[in-house]
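Welcome, and have a look around the structure below.

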Amino acid sequence: MLLEKVLLSGNEAIARGAYEAGARLVAAYPGTPSTEIAETTATFKEMYTEWSPNEKVALEVATGAALAGAWSMAAMKHVGVNVASDPLMTVSYMEIDGALVLVSADDPGMWSSQNEQDNRYWARFAKIPLLEPSDSQEAKDLTVEAFRLSHEFHAPVLIRTTTRLSHTRCPVTLLERVMVPQGPGPGQRLTLVPEKTVMIPANAKRRHPLVEQRLEALAAAAEASPFNRIENPDSTGPAFITSGIPYTYVKEAFPGSPVLKLGFSYPLPLKLIREFVAGRKEVYVIEELDPLVETELKATGFQVTGKDRLSKVDEYSTTMLQQAFGEPAAPAPKPVPGLPPRPPLLCAGCPHRGVLYALALQKAVVLGDIGCYTLGVVKPLETVHSCTCMGASIGHAHGMEKALGREVTGKVVAMIGDSTFFHSGMTPLLGVAYNNGSTKTVIVDNLTTAMTGHQGNPGSGFDARGNPTKKADLVALVKALGIDDVTVIDPYDLKTTKAAVKRLLESDAPAVIISRRECALLRTAQRRPAAVASKDTCTACGLCLKLGCPALYKADGKTQVDVTLCNGCTMCIQVCPFGAIKEGDPQ
Amino acid sequence: MLVGVGGQGVVLASNLLARAFLEAGYHVKQSEIHGMAQRGGSVTSFVRRGGSAGKLVYAPGIDPGQADALLAFEKLEAVRFSNYLKPGALLVSSQQEIIPTTVSALGSPYPESLDRLLDETGARVFLVDVLAIARECKTPRVVNVALVGALAAHLEIAPDIWEHAIKATVPRALEANLAAFRMGMEEA
């Protein structure tokens, strides 16, 4: 073997860390940039891994395992922790017998998220320790440390990664899996101690002071942690307190400067910080997003700054730090102006396109959700009008109609994907039926969790390891919630799709269309041959281009089909009134 | 820095390059951004290697004006990200142009000559006819490895390390990929 080390992404390293620490259970819901954590743990046969229906369930499953004495982990993107926050705030009061690690993958810069909230707040809010790795090796080491801390302090531990860490590969040294005894001993049955696990007020009142004491003990542990260290202590000049990915920018921009690197960053090791700050004139706290550490240190009386020269918005970079704290540098070269953008788009053959197109023709106002179909906001479809969080579409539509009446809200339709519906669309739809609403909902069922890279979900028929499993019956489910009018359509069939959408909009009762067709990128997707367009027959009317398909382009004013992109959905063939686009020869 | 269009294999090529640097004894970081869409959007990836004597890479990304080389899988993307290059640095690009839908369907203007814009970057530009290589190898799937081959012509990494890294990264269709790598190397 030529390699002593392997290249792992931050996410793969966290998964490896869970393996090496002896974790038995991982529960997660997919969400960029966190998805590869559970995708990787699923490849280890020693760890049970599941896609839970949502992040709240994932944390509850992991908590159950940990209360029973197992080492367990829940992984999710930053907004997923909002969903999981209900159990999190109370689990913090309970006594964890095994170990419980929660991984939050934040997204400064919002590369694939609806906000850039700073989830370091959750550690403070839930009064639990926070670990922030700066590279893959540290991500693995800190994951092992997180399990150790959780077991020692009987507390959930939060690991916070960010997009740059999660999606950067660098060398990592692999170690063996170390199993510690977990759960009841051989021949013994599980026993739970109600004082520690039943959070009725009487017990919770006794637990809260223990949580406060635990924070003090954790602060002492942070003081002694090898993951909190001072680098270049004898250097003079500007000094930096930093953690996570910003540490790498500090090291790149100011390699010789004194740095206090915080890997175990909450509770703060105030004695170590006092030692570092003593005698220094300029101490800057470098943290992306909100000035949490800076504010706390200022409140403690430390003379530190940082955020006054940097933004609370977006990712940082080496150049940004050089410009803020170093010598004035030459301005960075500007991009070549006037280039046409290449924005994210619905793929060629995307089944969402059929129903979005039919809704656009009806000038419907689609309240969107979290999934690929949100891309129906861009030209030429331009039919999606809201995107908030998982499951929000149906509640939004219901609220608009209840407040103003359907005569005002007109053609408002909620649109939600299959995985998002299972995640948190069922409860608002139940609310519509229960409250005599009239909301119209389209569930775009592509039989997978597509945007995050085709993970299984309760309707896909496959579990996290790709094994066949029970498949939820979406029609029966929607009917059971109280919606009587349920129509299933194939969005590749534009005629029926258009008719179903028209009927949906005209209906007075609450109604649901399930637009069902496999994601065109799934290997199992049914494909027709790629389409071909005839330049002789094409009249350049442009109707087909209203589909917004990336496989269609104009050459000399006439439509042509890029056969390398075409997935054979036939929608353009159906749209063309002149028969200029036909099915090509089967390959 | 490696750039292209979603679905072209930019990430796989980045893995190959990072692996070769690692096997050649450098510390390395490879970082990419997954956009929202599965296909069709701009994709960027950074590969950074440390110096000799075990010098570490810290920052995962490269800032504008700091890249030593840009490997572009598509010519418009080569122009778009050319400002990341240091003055006079290396730019290896595929000859291929993929017209964005903003142009083909929405009528945004397309630059008159990408070749002229590439000339104006002041970079040392090498263009690779990847479609010819794909024809020769009888598969379009080798294009990303051919482009890494074209970049490899400018890097001091031993052929056996490349061969090993290709075997580890793209074990399927190994012979075709090795041939494409050599053809790419000869073109640049």
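## One valine and its contacts

A:Val475 touches A:Val486, A:Val488 and A:Ile514, leaving aside residues up to four places away in sequence; contact here means C-beta atoms, placed from the backbone, within 7 Å. The valine A:Val475 sits in helix α19 (residues 474-480) of chain A. Helices (H or I, at least four residues) and strands (E, at least two) are DSSP runs, numbered from the N terminus.

## How to read the model

This is a predicted model, in which local features need pLDDT of at least 70 and side-chain atom pairs count only at pLDDT 80 or more, while totals for chains, interfaces and linings use all residues. Residues are numbered from 1 along each chain as its sequence is written, and chains are lettered from A and ligands numbered from 1 in the order in which they are written.

## A sheet of 8 strands

Now to the open sheet of 8 strands, with mixed pairing and the order β1(A)-β8(A)-β2(B)-β3(B)-β1(B)-β4(B)-β5(B)-β6(B). Strands pair if DSSP finds at least two bridges between them. The edge strands, each pairing on one side only, are β1 (6-9) of chain A and β6 (124-128) of chain B.

β1(A) and β8 (residues 168-172) of chain A run antiparallel, joined by 4 bridges. A:Val6 has A:Val172 in β8(A) as its bridge partner.

How values were computed. Two residues are in contact if their C-beta atoms, placed from the backbone, lie within 7 Å.
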